[in-house]
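Me: Can you walk me through how the chains of this model meet, and then through one of its sheets?

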Amino acid sequence: MDNMKVRQICFYFIAMMPVVRFLVYPATLSYNSSNDLLFSAFINLLLEGAAVALVMLLAKKTKLSLFGLIENTFGKISAKIVYALFALFFLAAALLPMMEQKNFVLLVMYENVPSVISFAPFFFVCLFACVKGFKSIGRMADIALPVFAIAFVALILLALPQTDFSALLPIAGVPIKDVLKGSLFSANWYTEAAFLLFFLGNFEYEKRAALKVISSYAIGSAAVLLFLAVFYGVFSDIAIRQYNAVAQISKYTTSFTSLGRVDYLFIFALALVMIFRLCVPAQMCVHCICKAIGCKPFIPALAVNALLLALTIFLNYSFLEVQTLFTQKLWLMFLIFAYALPAAALLLKKRRRAG
Amino acid sequence: MSFAYTLCEMKKLGKKCKDNVKLIKSILTSEDILVFAFETADGAACAAVYADGMTDKALLGEQIARPLSAKEAPASAEDAAKLLQAPEIKTESDLTKLADEVLSGNTVLFIDGVNEALVAGMKKLSMRAIMEPPGAVAVKGPREGFIEDLKTNMSLVRNRLRTPKLQFKTLTAGKQSKTMIAVGYLEGIADENIVSEIVKKIESIDIDGIPDSSYVGKFLAERPDSLFKPTGTTEKPDVLAAKMLEGRVAVLVDGSPIALTLPYLLVEDFQGAQDYFVSPYRASISRLLRFLGVFVSIFLPAFYVAAQLFKLQILPLSFLLTISGSTQGIPLSPSLELFFLLLVLEILIEASVRMPKYVALALSVIGALVLGDTAVKAGIVSSSAIIITALSGISAYTVPDLVGTTSILRIAFVVVAGSIGTYGVILMTALVLYYLVTSDAYGVPMLAPFSPLVRRDLKDSLMKTSMYSLDKRPKTFKTKNETRLQSGKKEPKNG
Amino acid sequence: MNKMVNKLWTRIFIVAAAVLLLLFFSNDFGLIDIQETAIVVALGIDAAQEGEGYDVTAQIAVPASTGTSSAGNVTVKGVQTVGEAVAELNHETGWYPTLVHCRLILLGEEVANEDVFNVLDYFLRNDAVEDSCLVAACKGKARETFQAQSPVGDISASAITKVLSSEAQATGIVTVTILKNFAVGYYSESESGFLPCITVKQEADSQGGQNADGAFAPAGAFGKENAPYALSLAPSIKRNKWWRAKKRPLPIAAPVSAEGGNQGSGGQGGSGKSGSGSSADVFHASETMLFYKGKRVALLTPEETLAYNLAATDTDYAYGSVDVSENGEQTSYNLKMKISKKKRKLTFENGMPVFTFTIRANARIADTDKSQPIIDVAKTLLVNETILRAAEEKFQSELASLWQKATNAGCDLFFLKEKLHRFHYKRYAEFKDGVPEIVQVRYDIKFTSMK
């Protein structure tokens, strides 16, 4: 049974949602929105938050899963088609963060340039996670929360002495067009509402669940905004160069201490949480395939991970192209699947047809 | 199953004592099965069949032979039972069961004219005294430990839980050994579903013999191939009683001083009996140290290897130079060096456990001083690697119940660190965590109360709060009666 | 079914373990061999002695089996880029250089004459070098600076990093810059920055007449004229060694390798001086080089450096001397100053930018050059108004001097352009070309005594 608890969803939003935005996202945002990056991020967070709220509203009204809702409204075949489309979307959504983490791993965790094979074992872990279903997402969120909380607070505290928040000034110094472009071109980092949509039916709606989830989302969002603010405060005009933001912000405090780079401990801890988070879109993809074709998860999990591994190897030297494709060309796809469809799900029939 | 045994199953007891003795002797052909023949006052033949060395002969004479020989022959088994002065008497007519009773140390009594046999509990085994188990020494707290006798062990538990709600379900397993297994639980506290599932699993055990409770543990495991323990274990009745009070089910096996507890949570290995006898602050520190010990034991060698092979930056410059200096001229790479040192450590531990005590001391001196010091001097291994290995080895013993798992994980992590580096260590951690969080046994998650988070149970996990705040039983075990302390959270007020 | 899946997983795990073991025992997949790795602790970059390009000197820590370490210098000459030099290091020495522990980038004097980011570019691009490393310029050649030695047994790069420690910065003796901050300044609106300037002096020289070449200004340098009082914000070194040592609480001289000959004995590119001389060297970093668009434009004296630190950096306490005329006689007071407030604010008055330094400090007398009655010694915490005003005035004059020097050189030392952009964005376009020249400067400096 793929049961989750509302608490675990809350923890997911607090601890696992932000980590995927700690690598290339801040630098990309700095490139597009410069010192007004917080506004760009805020727009995305607001939109995603609204989608999350709508999904929770839907959860309040129905106990059905998304599959059940679509089946109820359009029939089983339609449900299968939608799930197949979402499977493709999740596969796409998984790719860029995985490539980001691959670059992060190869640059931050190794000194000699290692082959891409060093990252390959990730897919083994991901395969294992995919087979375990949603239950593992919830349980991992329980584990991730304290790990994230300690590591995040420690990294931010280590970075604060080097932070000049005035770097975020002047407010609205960047043309609104650039701020909006920043938001639009970072849509690929905002897919959480789509995940929540698939949690439907797998958790029991309890009293004030919507409030709890939205509050948790707000906390996670605050963590993202704080991170972005600190990041820009530390690097200001050279922020666009800092691709692996999470590994950069705190090193200035620790480099010259006798203990050395103790911040690595916290970076590794966040890398662990990142692994949990990176598995989620792949898990979602496998879930969708299983529902669409009605099979056990092992074979789809194997296929999905093999495909992702192949793509990671094949696109090893094309990160910039992939990033450009996902951020500047495919933003509409992300807007539809991550914002529009979760919101539109509210229109589906919420009760089973009699007979 | 022997031919005689099968044949006897078909035959029934008669009224002739002589024939009945013949029948049972046809099953129990061994020479240590003796027959004590005597007569009643009116000359009716009686025969007590017992296993030599397992039955108390004095009691046999006192409680069976003397009362019978002083009275006239009884007409029925019930009358005979009234004559006898033994407290544990039952009647039985199934020959196979009678044979089993004899083999388990009881006395079977045949009387002329009675077509049933009487079974008197007169077991007298030579067993060791109740003493403190060497594996669970307590500085403070009770020192008695279980022994190999099931009944003694049950009595030790009952002595601590004098409630009618303490139930033991006695089962037999092992085709040849016929080992007695008792499933103990507190009615109304333990989850009945778990009890019946355990009973079902024990009943389905189809093995020749069960020399120890660990055999039963393997059959009770929901994941037999798991690297982690399937059940909790204890050698101390006070610990078992405490665990049963929390809602766990105990499994006691005849012939084993180790009791099993189910369902098993990983966190219980970090809890020591002594934690409940000292202040909560001290207990919390101890538990955190144990956690740190296991963490250091598993991760320190791995990070040491990964840092040297893949990421020098993790090490502070001065430490790096020290390591670099000490590894000059070492023929092995850091990963192989540590791998072999960990193997040597395991060999030393294995040898010292199995070696006679008087040699073990000498061996530890040889192991620690001669091997280590000479290896460093000879330039085979570096001094820093020796320190890391020793630290890891010692740290593992902060949680003795997890030593087996820790040592395997430690080597696995070193292999991963030596092959994939730091990221490998993180991935392996993720894999182990994925495994643990999805490992539910008897409906209870192994990593509870951390994942899934059970806030109430955190009070007695890595931290321990005062007794007053532990007013409820762990929620994880889904007990019906949750209240453990009626005046929960109300500390007595002085003055 | 469950059993089958379990078996499958077991088999998968066995295969994975076998692959891992194969990788583990084959032991040949691009990992670091620590015994063949040169741990570069500092890089010195000089303009090439012959022709164009650069001479790059790497100071490599050489671990000894006892755990103590020494260093060797390897110079690669005539390379076009730093990256080329790093690659060359491997070819020439056979050692694979790792720069992750590189804590210092030292730029030779000539390099600073052109845009230093021509060479620093490598470090910004390369993730193998942390931009948290210290950057400094030096007088003369960086290669020669690395060859300096002192008797305490430390490597020169380590000695220099100690001179440039955050503790030194806190006392105002040196201005410390890390690569990241220097780069932020370079790429900011102000396009300015500063680097500490390292000079090497023979210890014997520096102990006596410390001001021979102007590396240290004399205590009276600010007010050597006939002013009634004069303040030297730099540590006074007027009297004797004890006095000097007291006023330099941090080690400014650090030893280099005791393994004579090791320094600079490096590879084929090797440097000249063996470093085996018997006299020890001292590193001074009390001067500060100012940069605009990456080029050196001015040099702050030690007094100006201290004034800058008191006004703009993390310095929170410092010693300074002030000469006061008392009863027709000059008395020199050494004050210990604890900064309680420092603020630099750009405002607009009548449409024109005004930059105000607001500094509040607590002062106490640390020493004088004359014996005084015991009651005055007992009241050492109390500083009379004359001395305080003298200190304020001197501090102001030093600030004015460094402001003038920086402005004349085009260096926006106080990042006014950036402030203009951040805090007065609407006026940015109007004033960006005139800042800092047209800015009116105000000083609100107040020293108080314990009461």
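Reply: Two residues count as in contact if their C-beta atoms, placed from the backbone, lie within 7 Å. This is a predicted model, in which local features need pLDDT of at least 70 and side-chain atom pairs count only at pLDDT 80 or more, while totals for chains, interfaces and linings use all residues. Residues are numbered from 1 along each chain as its sequence is written, and chains are lettered from A in the order in which they are written.

Me: What about chain B against chain C, how many residues touch?
Reply: There, 22 residues of chain B are in contact with 22 residues of chain C, and on the chain B side the largest share, seven residues, comes from α11(B).

Me: Switching to the sheet in chain B, what is the strand order?
Reply: The open sheet has five strands in the order β6-β7-β9-β10-β8 (chain B), with antiparallel pairing, and two strands pair if DSSP finds at least two bridges between them. Its edge strands, β6 (166-173) and β8 (232-234) of chain B, each pair on one side only.

Me: How many bridges join β7 to β9 in chain B?
Reply: Four bridges join β7 (residues 179-186) of chain B to β9 (residues 249-253) of chain B, and B:A182 stands opposite B:L252 in β9(B).

Terms used
Helix = DSSP H or I, 4+ residues; strand = E, 2+ residues; numbered from the N terminus.
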